[in-house]
Structure formats: structure tokens, C-alpha cells
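Please read them with the structure open.

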Amino acid sequence: YQRRVHGPLKFVFQSDYTVYENLDNHGASFWAEVVHAALGIKLPFESLPELDTGWTWAAKDFLSIKEKEVIRGISQLSDKENFGRDWRQVTQGIPKPEIKGRSCTLRFSAKCYSFTNLLEKIRTQHLDTDEKYVVRRYLKRFTDYFDRNFILQRCLLHFLHDPLNRGLMNKLRIVGQIPDSIRLVDVDLEGNMSYNIELLEETFRKAGLEMGKCTMHW
């Protein structure tokens, strides 16, 4: 959520104080509930859809904005190489967009839906064709990060950069598998690093840790 929606919303609406200041609470509430209703995936936010009367503050169609600085900023924020970096750092040097929230409200938020009613329509896919297209477009921003290689690479990087200095080997020792660490990471003569994701996945599989498959039926 932080990388795929929250960061882009903060970047796009940093000039619209009213929208910007409501994104930390209503943004998390709205998008977490949409993802849960559509995909059954629970994000780590409290679920209070019946109490969130300000959900429309975050229901913004930022992917449809055509201003070049917005397109550039969202493109950089969407780059998987920037995963984990703060949106301010990623978009440094890009002119601040002058976008008002009322100019790009999601199509269904302009209708007389209550939040709980909208979530039920998403859950059952009883949406208009245009509405379903919009939901699918934003869900893809989440499911793109469910790529097996990306998840395994991030897992390996987390092991290698453990701040508690327990390291990759100690973690894999816990599950009873100790691969050849030299084969997991390779550095060429120019200092470029590559990772043996297949070996890491094989190591997890031997330990009984199987990665499931995620299919988006939208």
C-alpha cells in the first residue's frame, strides 16, 4: 500500500492540503478495504468501513492524470528498484504537481454509494464495466508485487541486510537448510551484484516452505 498507492497519492496531492492531510487515515482505510474486498488480502490496518465517512478523500484516480510531472513521478514510484524508499526521496527534483482532488475523483465515489455498499459491490463484482476497469487497474498495482522472483529477491536482500547481524545463514539454519552462500550471490568484475533466486527457492522448498500461486479473478 505504501509504495503502490499512498506514496503516489501523497506526491500528486501535495499541493491540495485538504486531500493530502486526509490520506494517512482515510487513504489507508479506503484502499486496504478495497484490496480486501476484491482479493481477500488483509493489509495491516484496522477495518472500520462502517465508520469511515471520509473515504472519498482517498478515492482518487491518479493514474488518469495526464500532466507530465505526475506521469514522471508515478513512473519512478512504480519502479521496483525504488521499493522501500520514501516518496519524497524518489520524486526529488520533479516539480510539485498542482493537482486538486476534486478534478480526479474515482468514478464510483461520485455516486451515492455508502462505503460498505461499495465494498459489497466490489466483493461480488457487481460494478459497471467502467467501474470494474478502474478497480482492476489499481488492483494490478498491488498484484504486480506478488511476482515470485521479486518476493524471493526481496527476501534474500532482507536476509543479507539484517541490522541485527544474524545474517542469511543463521536464518536458513533455523529451517534446517544451509546452501552454499557463495552460489546465492554473485558479483562481477564491475561490482554488479546478481542473485540466484532459483537456489533460494529450492532451499525454501527443501525446508518445506512452498510459495503459493496468486491469481486475480478480475
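1. The contact between the opening two helices. Val5, His6, Leu9 and Lys10 of α1 meet Tyr20, Leu23, Asp24 and Trp31 of α2. By class, this contact is made up of five nonpolar residues, one polar residue and two charged residues. The model is a predicted one, and side-chain atom pairs are counted only at pLDDT 80 or more.

2. Geometry of that packing. Helix α1 covers residues 2-12, and it packs against α2 at an angle of about 155 degrees, the two axes being 10 Å apart. Angles over 145 degrees count as roughly antiparallel, and α1 and α2 are therefore described as roughly antiparallel to each other. The crossing of these helices, α1 and α2, is right-handed.

3. Overall make-up. The protein contains 10 helices and two strands. Along the sequence the order is α-α-α-α-α-α-α-α-α-β-β-α. Of its 218 residues, 41% are buried. Among contacts with a separation of 6 or more, 72% are between residues 24 or more positions apart.

4. Aromatic pairs. How many aromatic pairs does the structure hold? There are four aromatic pairs. In one of them, Phe30 and Phe115, the ring centres are 5.8 Å apart and the planes stand at 25 degrees. Planes under 30 degrees apart count as stacked, so the Phe30 and Phe115 pair falls in that class. This pair links distant parts of the chain, with Phe30 in helix α2 and Phe115 in helix α5 (residues 115-124), 85 residues apart.

5. Are Phe30 and Phe115 buried or exposed? The cut-off for a buried residue is a relative accessible area under 20%. Phe30 has a relative accessible area of 0% and is therefore buried. Phe115 counts as buried because its relative accessibility is 3%.

6. A tilted pair. The ring centres of Trp31 and Tyr138 are 5.1 Å apart and their planes are at 40 degrees, so this pair is tilted rather than stacked. Trp31 belongs to helix α2 and Tyr138 to helix α6 (residues 129-143), and the pair links distant parts of the chain, 107 residues apart. Both residues, Trp31 and Tyr138, are buried. Trp31 is also one of the α2 residues that meet α1.

7. The aromatic cluster. Ring pairs join Phe30, Trp31, Phe62, Phe115 and Tyr138 into a cluster. Both the Phe30 and Phe115 pair and the Trp31 and Tyr138 pair have their residues in this cluster.

8. Asn22. This residue lies in helix α2. Asn22 has a relative accessible area of 17%, so it is classed as buried. Not counting residues up to four places away in sequence, Asn22 touches Gly27 and Trp57.

9. Lys42. This residue is in the loop between α2 (17-39) and α3 (68-78). With a relative accessible area of 46%, Lys42 is partly exposed, whereas Asn22 is buried. Leaving aside neighbours within four places in sequence, Lys42 is in contact with His36 and Ser47. The C-alpha atoms of Lys42 and Ala32 are separated by 7.1 Å, and the two residues are 10 residues apart along the chain.

Technical notes. Residues are numbered from 1 along each chain as its sequence is written. This is a predicted model: local features need pLDDT of at least 70, side-chain atom pairs count only at pLDDT 80 or more; totals for chains, interfaces and linings use all residues. Side-chain values use heavy atoms; hydrogens and water are left out. Helices (H or I, at least four residues) and strands (E, at least two) are DSSP runs, numbered from the N terminus. Buried means under 20% relative accessible area, exposed over 50%, partly exposed in between (1.4 Å probe, protein chains only). Contact means heavy atoms within 4.5 Å. Axes are lines fitted to C-alpha atoms, for helices over the stretch in contact, and angles run from 0 to 180 degrees between N-to-C directions. Angles under 35 degrees count as roughly parallel, over 145 as roughly antiparallel, 65 to 115 as roughly perpendicular and the rest as oblique. A crossing is left-handed if the near helix is turned anticlockwise from the far one by less than a right angle, and right-handed if clockwise. Ala, Val, Leu, Ile, Met, Phe, Trp, Tyr, Cys and Pro count as nonpolar, Asp, Glu, Lys and Arg as charged, and the others, Gly among them, as polar. Rings of Phe, Tyr and Trp (its six-membered ring) pair if their centres lie within 6.5 Å; planes under 30 degrees apart count as stacked, over 60 as edge-to-face and the rest as tilted.
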